[in-house]
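Q: Could you walk me through reading a model like this one? Please take the features in turn.

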Amino acid sequence: MLSRHPARSLPRRVATATALLTALATLPVLGAGAPAGAAPQPAAAAPASDTAVPKNALSVDFDAISSTLRRGTAFDVSGTVRSAADVLAARKAGPTAAPVAGVPATFTLAVTSPTGDVLGTQDVTTDDAGAFRTTVPAGITRGLAQRDAVTLGLRALDATDAAGNTTAEAGAAPAPLQAAAGGLDLTNSFVSSVGWVKPGETYPSTITVTNPGATPVLGAVVDVTVPTGSKFISAKPSAGSRTLSATAVKWSIPTVPAATLDGPGSVSLVLENTAALASALPTIVWRDLSTTAKLTVATASTTAVARGPKVIPPSEIYNTARYGDRPFPIVPVQYTDRSYVEGHDGETLANKINSPDVPGSTFNLFQEMSLGQLYPNGTVPSLGLATADFAYEPGFEYSKTVPG
């Protein structure tokens, strides 16, 4: 599991770009000179044909991260370890070169801040083809309080192959982190057992503002609007004050508390809406009544859109329809004939279920089956608890089926 460290600078052998990285042109600009909101710079041009790399050197090639990451959310890192000489030869050969095979190896993955400080490290072991996939825990980015979009760094250190050949710094890649207004996170949630309402029905939703940082955030404002076909009838904040009209709510939050050992500080706003009657709006059926919330702190802002409800026809034949968020608990079990596998942690399981970036995940399966209208989210009890396991002092009584 990737362990979190107090921010510290990389040692000179890591912080200094090596000749190998220059030759392979894989090192993005992530240094202290880059402004907080700067996008990652393009890699350097391909090396000249006479460029050489050390004998037996390794190259760790990270797969591109497909979306901007959110603070306080786990994310996957994957890629392949290859021979640096083979990679360089393929680049010299151009588009006609055969794919470069991977090699089995181990290395240390370091996640670094834009200024080069190490946020966490993890030991990684590839498969026999040199491929790897690992999960960076949510806690690595949860405490980052920058308000602007930043780019973290992924670095492969001390890559070692089966023959014992070691490359001190074998690869690097950017990990873009999205902006957070005042360091806060915004959630706009409509959750029901079905995801729909019928014309004229009333339904609740919740706006939540969380603070993963170590200091309170002052002066946050949330503006909520609804589409045609819905109107607000009440708004109840857990803190602060609000103004309410049929089409808009403004929620003023004097203070969002800091995180504690129990988790991020949070405040919430519970809304109640009513869907229009078909007599007042003939086109109400099949409308998406998702609200839009905008969080503003000083000059920074972020938005969140609810997933539903949708409006279905009054007839009971449509009651089997399902839309929107589908939260569900996950209950880990241990079979008597299968042993717990060390390293199978809650972060990995949660990503396999919930991540759109993991091929074959439960999330992607539901999205495909529902044409993008269902959003499953499983809660793993051990998520974020490095010491969680199946140990239970009193023990468990297991029952077995006895044939005959």
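The dialogue below goes from confidence to fold, then to helices, salt bridges and surface.

Q: What should I know about the model before I start?
A: This is a predicted model: local features need pLDDT of at least 70, side-chain atom pairs count only at pLDDT 80 or more, and totals for chains, interfaces and linings use all residues. Residues are numbered from 1 along each chain as its sequence is written, and side-chain values use heavy atoms, with hydrogens and water left out.

Q: What is the mean pLDDT of the chain?
A: pLDDT is the predictor's confidence in each residue, from 0 to 100. Here the chain averages 80, and 76% of its residues reach 70 or more. Over residues 6-50 the pLDDT is below 50. Beyond near neighbours in sequence, that stretch has 85 contacts in the model (contact: heavy atoms within 4.5 Å).

Q: How many helices and strands does the chain have?
A: Both are DSSP runs, numbered from the N terminus: helices are H or I with at least four residues, strands are E with at least two. This chain has six helices and 21 strands. Now look at sequence separation. Among contacts between residues at least 6 apart in sequence, 71% join residues at least 24 apart.

Q: Of the 404 residues, what percentage count as buried?
A: Buried means under 20% relative accessible area, exposed over 50%, partly exposed in between (1.4 Å probe, protein chains only). By that rule, 42% of the 404 residues are buried. The chain exposes about 21100 Å², with carbon and sulfur atoms supplying 56% of it. Those areas come from the Shrake-Rupley method with a 1.4 Å probe; for residues, only the protein chains shown count as cover.

Q: Which residues of helix H5 are buried?
A: In H5 (residues 346-354) they are Gly346, Glu347, Ala350, Asn351, Ile353 and Asn354. Seen down the axis, these buried residues fall within an arc of 165°, so they line one face of H5. The arc is that of the directions from the helix axis to the C-beta atoms. Their packing partners are strands E3 (75-83), E6 (131-136), E20 (324-329) and E21 (374-379), plus helix H6 (362-369).

Q: Which residues of helix H3 are buried?
A: Ala84, Val87, Leu88 and Ala90 are the buried residues of H3 (residues 84-93). They cover an arc of only 160° around the axis, which puts them on the same side of H3. Gly94 follows H3, and its phi is positive, near 85°.

Q: How many salt bridges does the structure hold?
A: A salt bridge is a side-chain nitrogen of Lys or Arg within 4 Å of a carboxyl oxygen of Asp or Glu. The structure holds five. One of them joins the side chains of Asp76 and Arg133, at 3.3 Å, N to O. This pair links distant parts of the chain: Asp76 is in strand E3 and Arg133 in strand E6, 57 residues apart. Asp76 counts as buried at 16% relative accessibility, while Arg133 is partly exposed at 46%.

Q: Is Glu169 buried or exposed?
A: Glu169 is buried, with a relative accessible area of 1%. Glu169 forms a salt bridge with Arg155, the closest N and O atoms being 2.5 Å apart. Arg155 lies in strand E7 (residues 150-161) and Glu169 in strand E8 (residues 166-177), 14 residues apart. Arg155 is buried too, at 11%.

Q: Which residue forms a salt bridge with Asp223?
A: Lys250 does; the closest N and O atoms are 2.7 Å apart. Asp223 sits in strand E12 (residues 217-225) and Lys250 in strand E15 (residues 248-256), 27 residues apart. Asp223 is partly exposed at 26%, and Lys250 is partly exposed at 38%.

Q: Where does Thr291 lie?
A: Thr291 lies in the loop between strand E16 (265-275) and strand E17 (292-297). Thr291 is buried, with a relative accessible area of 3%. Leaving aside neighbours within four places in sequence, Thr291 is in contact with residues including Asn188, Val224, Phe232, Asn273 and Val305.

Q: Which residues form a nonpolar patch on the surface?
A: Patches are made of residues with over 30% relative accessible area and no salt bridge: like charges are joined within 9 Å, nonpolar side chains (Val, Leu, Ile, Met, Phe, Trp, Tyr) within 5 Å. Here Trp286, Ile317 and Tyr318 form one, with about 350 Å² of accessible area together. Tyr318 is found in the loop between strand E19 (310-311) and E20. Tyr318 is partly exposed, at 33%.
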